[in-house]
Amino acid sequence: VYGSPSAAFEIINGTKNISDLYFTPTPTQLTVYWTNPAGCFDEVMIVGKAGSSINGTPTGNGSAYTADLNFNGNGTAFDGGKVLYKGTQSGQTITGLSTGQLYYIKVFTRRGTIWSNGVEGSAVTRKLPAPGDV
């Protein structure tokens, strides 16, 4: 019997996370960049929290969460923070932040009602020098 090897395949129990999470901070904004997972997913959801890590995990199909890129806006409360973005496009700018504050940002991916465990990073909005500081 002769044959040839089949193409590699992968069985995924759940949803893959994003990769390459990084931030570009300004005094009152933070732009979030990432690479979407190679596998199937429906959307990513960004959650932000000031001062401490995000421990919660989303549930359901995502319809219970409202996103607002303004940190002081109407995003759904989540584990002491807020839902900031839902979609698939990297390069989202979060506004309404306090200068010099430490923010934790966690990005979850969803396929149906299955959520990834998320990828978290932190960033401090940068301070600009005052006149005479330089």
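Guide: Of the chain's 134 residues, 35% count as buried, meaning under 20% relative accessible area; exposed is over 50%, and partly exposed lies in between (1.4 Å probe, protein chains only). Keep in mind that this is a predicted model, where local features need pLDDT of at least 70, side-chain atom pairs count only at pLDDT 80 or more, and totals for chains, interfaces and linings use all residues. Residues are numbered from 1 along each chain as its sequence is written, and side-chain values use heavy atoms, with hydrogens and water left out.

The chain exposes about 7,600 Å², with carbon and sulfur atoms supplying 49% of it (areas by the Shrake-Rupley method with a 1.4 Å probe; for residues, only the protein chains shown count as cover). As for secondary structure, you get zero helices and nine strands, so the elements read β-β-β-β-β-β-β-β-β from the N terminus on (DSSP runs numbered from the N terminus: helices are H or I, at least four residues; strands are E, at least two). Among contacts (heavy atoms within 4.5 Å) between residues at least 6 apart in sequence, 63% join residues at least 24 apart.

Now for the charged pairs. A search of the whole structure finds four salt bridges, each a side-chain nitrogen of Lys or Arg within 4 Å of a carboxyl oxygen of Asp or Glu. One of them joins D42 and R110, whose closest N and O atoms are 3.4 Å apart. Because D42 lies in the loop between β2 and β3 while R110 is in strand β7, this pair ties together parts 68 residues apart in sequence. D42 is partly exposed, with a relative accessible area of 33%, whereas R110, at 10%, counts as buried.

D42 also forms a salt bridge with R111, and there the closest N and O atoms are 3.0 Å apart. R111 is in strand β7 too, so this second link from the loop between β2 and β3 spans 69 residues of sequence. At 41% relative accessibility, R111 counts as partly exposed.

Another pair is K49 with D79, at 3.7 Å from N to O. K49 lies in strand β3 and D79 in the loop between β4 (77-78) and β5, so parts 30 residues apart in sequence are tied together. Here K49 counts as buried at 11% relative accessibility, and D79 is partly exposed at 34%. As for a network, salt bridges with shared partners join D42, E43, R110 and R111 into one.

D20 is found in strand β1 (residues 19-25) and is exposed, with a relative accessible area of 53%.

Next, the nonpolar surroundings. The largest nonpolar core has 17 residues, and those with the most contacts inside it are V32, W34, V44, I46, I94 and I105. Such a core is a set of buried Ala, Val, Leu, Ile, Met, Phe, Trp, Tyr and Cys residues joined through side-chain atoms within 4.5 Å. Strands β2 (30-35), β3 (43-50), β5 (81-87) and β7 (102-111) each supply at least two of its residues. Take I46: leaving aside residues up to four places away in sequence, I46 touches V32, W34, K82, V83, L84, Y85, I105, K106 and V107. A second, separate core holds eight residues, including V47, Y65, F108 and W115.

S116 lies in the loop between β8 (114-115) and β9 (119-124) and counts as buried, at 2% relative accessibility. Its neighbours, not counting residues up to four places away in sequence, are T15, K16, N17, T57, F108 and T109. With N17, the S116 side chain makes a side-chain polar contact of 2.7 Å; that term covers a pair of N or O atoms within 3.5 Å, where within protein one must be able to donate a hydrogen and the other to accept it, and residues adjacent in sequence count only if both atoms are side-chain atoms.
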